[in-house]
Amino acid sequence: MFRTTRTAALTASTALVFAGLSAVTGTGFAAADDGCEVRSYQTKKDVSTVGITHTYEKIASAESIGVGTTVTYDVKIGTTGIGNPYVNTITDFPPTGFGAPVKVAVTAYHAGAGQRTEDVTATPNAGGWKVTSTGWFVNSGNPVTLHITYPVPDSLRAGQQITSGGVGVAGTVGVSNEMPNLTACFTARGANPGETVLGSLDDSGLGSNDGQLSSTGSFSDVLAETLRKFLGS
């Protein structure tokens, strides 16, 4: 009787783990509809750029993002040809109703060290958040990129499309630009089935490192640990 009960429990537990794996690897998430673009791109080439094309890009961290998590926008300023402007201010405008950023960093070229990412402080600026420098160097092989992360409000509805505001850039002659249409859009979602199943593993006595995908645990680890616990009982 004991062996039969233990075997049934093992089978049920293993099925739960594989169900979670199936849910995570399935599609499951609402994709952004047509017109909700996760990335936008603009260029500038006029008298002020002296024949060089300046490029500007903004991209959200994913097409579908969970309510109550975070979204990171990358704002990249580059150039083509032989020009090497300096950027001293980047202002990002988040979606309406979003709060202050929780993490801000800039990747830029440093002489002798190449491209390097450093944490920076953003300050309010005309409804957006700006970062400043004495001058980030930019050339055709070394864009400057702002990485700015905001909390996704709990008040959003699953399936709601969220479009950010634009971007403002200032620097040496030619690089300065105001781009209200340089936006990025994502679709909000609730907890996906994989997250729900993973959460339920905690109710079965598995700790956070055993029952969830993280830097310390994978699904293969979870399965192995589940088998070990039941066989050991």
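**View 1. A disulfide joins Cys36 to Cys185 in the predicted model, with an S to S distance of 1.8 Å.** This pair links distant parts of the chain, 149 residues apart: Cys36 lies in the loop between α1 (2-25) and β1 (39-44), whereas Cys185 belongs to strand β14. The structure holds 1 disulfide. The torsion about the S-S bond is about -85°, so the disulfide is left-handed. Cys36 is buried, with a relative accessible area of 6%, and Cys185 is buried as well, at 3%.

**View 2. Strand β14, which contains Cys185, is mostly covered.** Of the 5 residues in β14, 5 are buried. Cys185, Thr187 and Arg189 point one way from the strand, while Phe186 and Ala188 point the other way.

**View 3. β14 pairs with strands β3 and β11.** Strand β3 (residues 64-66) pairs with β14 in the parallel sense over 3 bridges, and Ile65 stands opposite Ala188. Strand β11 (residues 161-163) runs antiparallel to β14 and is joined to β14 by 3 bridges; here Gln161 stands opposite Thr187.

**View 4. The largest nonpolar core comprises 34 residues.** Val71, Ile77, Val87, Ile90 and Val144 touch the most other members. Among the elements that give two or more residues to this core are β4 (70-79), β5 (86-92), β10 (144-151) and β14 (185-189).

**View 5. Surroundings of the core residue Ile90.** Leaving aside neighbours within four places in sequence, Ile90 is in contact with Val75, Ile77, Trp129, Lys130, Val131, Trp136, Val144, Leu146, Val167 and Gly168.

Technical notes: Residues numbered from 1 in each chain as written. Predicted model: local features only at pLDDT ≥ 70, side-chain atom pairs only at ≥ 80, totals over all residues. Heavy atoms only, no water. Core = buried A, V, L, I, M, F, W, Y, C linked by side-chain atoms within 4.5 Å. Buried < 20%, exposed > 50% of the residue type's maximum accessible area, 1.4 Å probe, protein only. Helix = DSSP H or I, 4+ residues; strand = E, 2+ residues; numbered from the N terminus. Contact = heavy atoms within 4.5 Å. Pairing = 2+ DSSP bridges. Disulfide = S-S within 2.5 Å.
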